Amino acid sequence: MSSEQTPTTTAPDHTGPRPRRLTCAAALAALEGAALVAVGVWMAVLALTGEPDDRQQAVTGGVTLIALALLPLIAARGLIARRSWSRGPAVITQLIALPVAYNLLVSDGVAIPAGIALALVAVTTLVLLVNPETTRALGIRGPGNAGDEGPDRRSGS
């Protein structure tokens, strides 16, 4: 890397208190992870104690949800610790949640409130994750925000 090139990320800004937006994004990601664990455990317990159509499929569904919960939970932990890598998994989780929320919204009346809640959490978390204050706290610089080190800004060319 030459002296005129700049990296796309910088060290996270740990100089002040954690921005409230970052804390809220982490809390919402953790909430989604906890909800996935709860639903996964509920599905697995019902599969083992109830009379599902296909017990193996019900247990597999519960275990899958518990495994999927790892993504938002790990992302939430990274966001709290101000790790720049954590924003990617957090954003991916929200992008996956949006079609799930849509499917819940167009289903029968019982799932509609869950769809509304999931959509609100996903959109809110996405907005918090792309906020400039959050990206600064995580040490992420986007394109065009490389600072004053670039050749065009120093020499005027």
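**Figure 1. Leu70 in helix 3 of the predicted model.** Leu70 is found in helix 3, in a structure that is a predicted model. With a relative accessible area of 49%, Leu70 is partly exposed, because exposed residues are those over 50% and buried residues those under 20%. The view pairs Leu70 with Val37, a residue 33 positions apart from Leu70 in sequence. Their C-alpha atoms are 8.8 Å apart in space.

Figure 2. Arg82 is placed in the loop between helix 3 and helix 4, and its position is just after helix 3. The backbone of Arg82 has a phi near 60 degrees, which is a positive value in a residue other than glycine. Arg82 counts as buried because its relative accessibility is 6%, where the cut-off for buried is under 20%.

**Figure 3. The largest pocket and its lining.** The largest pocket holds about 680 Å³ of space. Its lining is made up of 18 residues. Those that lie nearest the centre of the pocket are Glu32, Leu36, Leu65, Val100 and Leu118. Two or more lining residues come from each of helix 1 (20-49), helix 2 (55-68), helix 3 (70-80), helix 4 (87-105) and helix 5 (112-130). Sorted by class, the lining has 16 nonpolar residues, one polar residue and one charged residue.

**Figure 4. Ala38 of helix 1 and Gly62.** Ala38 has its place in helix 1. A relative accessibility of 47% makes Ala38 partly exposed. The second residue in this view is Gly62, which is 24 residues apart from Ala38 along the chain. A distance of 9.3 Å separates the C-alpha atoms of Ala38 and Gly62.

**Figure 5. Thr125 and its contacts.** Thr125 lies in helix 5 and, at 0% relative accessibility, counts as buried. Leaving aside residues up to four places away in sequence, Thr125 touches Ala25, Leu28 and Gln94.

**Figure 6. Thr135 in helix 6.** Helix 6 spans residues 132-138 and includes Thr135. Thr135 is buried, its relative accessible area being 13%. From the side chain of Thr135 there is a polar contact to the backbone oxygen of Pro132, at 2.9 Å. When residues up to four places away in sequence are not counted, Thr135 touches Arg87, Leu129, Val130 and Ile140.

Terms used:
Residues are numbered from 1 along each chain as its sequence is written. This is a predicted model: local features need pLDDT of at least 70, side-chain atom pairs count only at pLDDT 80 or more; totals for chains, interfaces and linings use all residues. Side-chain values use heavy atoms; hydrogens and water are left out. Helices (H or I, at least four residues) and strands (E, at least two) are DSSP runs, numbered from the N terminus. Buried means under 20% relative accessible area, exposed over 50%, partly exposed in between (1.4 Å probe, protein chains only). A polar contact is a pair of N or O atoms within 3.5 Å; within protein, one must be able to donate a hydrogen and the other to accept it, and residues adjacent in sequence count only if both atoms are side-chain atoms. Contact means heavy atoms within 4.5 Å. On a 1 Å grid over the protein atoms alone, a cavity is a set of points where a 1.4 Å probe fits but cannot get out, and a pocket is an open set with protein on both sides within 12 Å along at least five of seven lines; lining residues have an atom within 4 Å of a point. Grid points are joined across faces, edges and corners, and a volume is the space filled by probe spheres set on the points. Ala, Val, Leu, Ile, Met, Phe, Trp, Tyr, Cys and Pro count as nonpolar, Asp, Glu, Lys and Arg as charged, and the others, Gly among them, as polar.
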